[in-house]
Amino acid sequence: MGRGRRKNHSRALLARLKRDEPFAFNLYSRLISNVLVDSVTGCWEWQRHRNRDGYGMLAVRVNGGDPIPFGVHMLAWILYRGRLIRRHVHSHRCDNPPCC
């Protein structure tokens, strides 16, 4: 998926999260219910589908169309921070791909 297309999906997701509280709560619930907190490292490890690089993936139907796959670490960032930062590498401090 191209970088510009991914950015547009992130913007659409953020817009929907702001205007649709039940959608936001549902997404948050889906995210939290599929993580397991590692008591040693503190990592919130994704327990469902992961891509070939080990990053957790979750398909989200943003505007009624087909589900769009998002990295769960990006979804966690959007839910917690509110938006992605332009030209910022959104990486894990722990360098553990399954971590949200």
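## Report on a predicted protein structure

Of the 100 residues of the protein, 33% count as buried, where buried means under 20% relative accessible area, exposed means over 50%, and partly exposed lies in between (1.4 Å probe, protein chains only). The structure is a predicted model, in which local features need pLDDT of at least 70 and side-chain atom pairs count only at pLDDT 80 or more, while totals for chains, interfaces and linings use all residues. Residues are numbered from 1 along each chain as its sequence is written, and side-chain values use heavy atoms, with hydrogens and water left out.

### Overall architecture

The protein contains 3 helices and 4 strands. Helices (H or I, at least four residues) and strands (E, at least two) are DSSP runs, numbered from the N terminus. Along the sequence these elements follow the pattern α-α-β-β-β-β-α. The accessible surface of the protein amounts to about 7,200 Å², and 50% of this surface belongs to carbon and sulfur atoms. Such areas come from the Shrake-Rupley method with a 1.4 Å probe; for residues, only the protein chains shown count as cover. Contact means heavy atoms within 4.5 Å. Among contacts between residues at least 6 apart in sequence, 45% join residues at least 24 apart.

### The helices

Helix α1 comprises residues 3-19 and includes S10. S10 is buried, with a relative accessible area of 12%.

Helix α2 (residues 21-32) has 12 residues and reaches 16 Å from its first C-alpha to its last, close to the 16 Å expected at 1.5 Å a residue. The expected span is 1.5 Å times one less than the number of residues in the helix. Which residues of α2 are buried? They are F23, A24, L27 and L31. Seen down the axis of α2, the buried residues fall within an arc of 100°, so they line one face of the helix; the arc is that of the directions from the helix axis to the C-beta atoms. On the other side of α2, the residues E21, P22 and F25 are exposed.

In helix α3 (residues 72-81), the buried residues are V72, H73, L75, A76 and I78. Just after α3, G82 takes a positive phi of about 100°.

### Residues brought together by the fold

The table lists pairs of residues that are separated along the sequence, with the distance between their C-alpha atoms.

| Pair | Separation in sequence | C-alpha to C-alpha distance |
|---|---|---|
| V35 and W46 | 11 residues | 4.6 Å |
| W46 and C99 | 53 residues | 6.1 Å |
| N96 and E45 | 51 residues | 8.5 Å |
| S10 and F70 | 60 residues | 8.7 Å |

W46 belongs to strand β2 (residues 44-46) and is buried, with a relative accessible area of 1%. Leaving out residues up to four places away in sequence, W46 touches R30, L31, N34, V35, G56, M57, L58, V72, P98 and C100.

Apart from neighbours within four places in sequence, V35 is in contact with W44, E45, W46, Q47 and C100.

N96 is found in the segment after α3. With 18% relative accessibility, N96 counts as buried.

### Salt bridge and cysteines

How many salt bridges does a search of the whole structure find? The search finds 1 salt bridge, defined as a side-chain nitrogen of Lys or Arg within 4 Å of a carboxyl oxygen of Asp or Glu. The side chains of R16 and D20 meet in a salt bridge, at 3.1 Å from N to O. R16 counts as buried, at 19% relative accessibility.

A disulfide is a covalent bond between the sulfur atoms of two cysteines. In this report, a disulfide is a pair of cysteine sulfur atoms within 2.5 Å, and by this rule the count is 0 disulfides. C43 is buried, with a relative accessible area of 5%. The sulfur of C100 is 6.4 Å from the closest cysteine sulfur, in C99, and this distance is likewise too far for a bond. C100 is partly exposed, with a relative accessible area of 22%.
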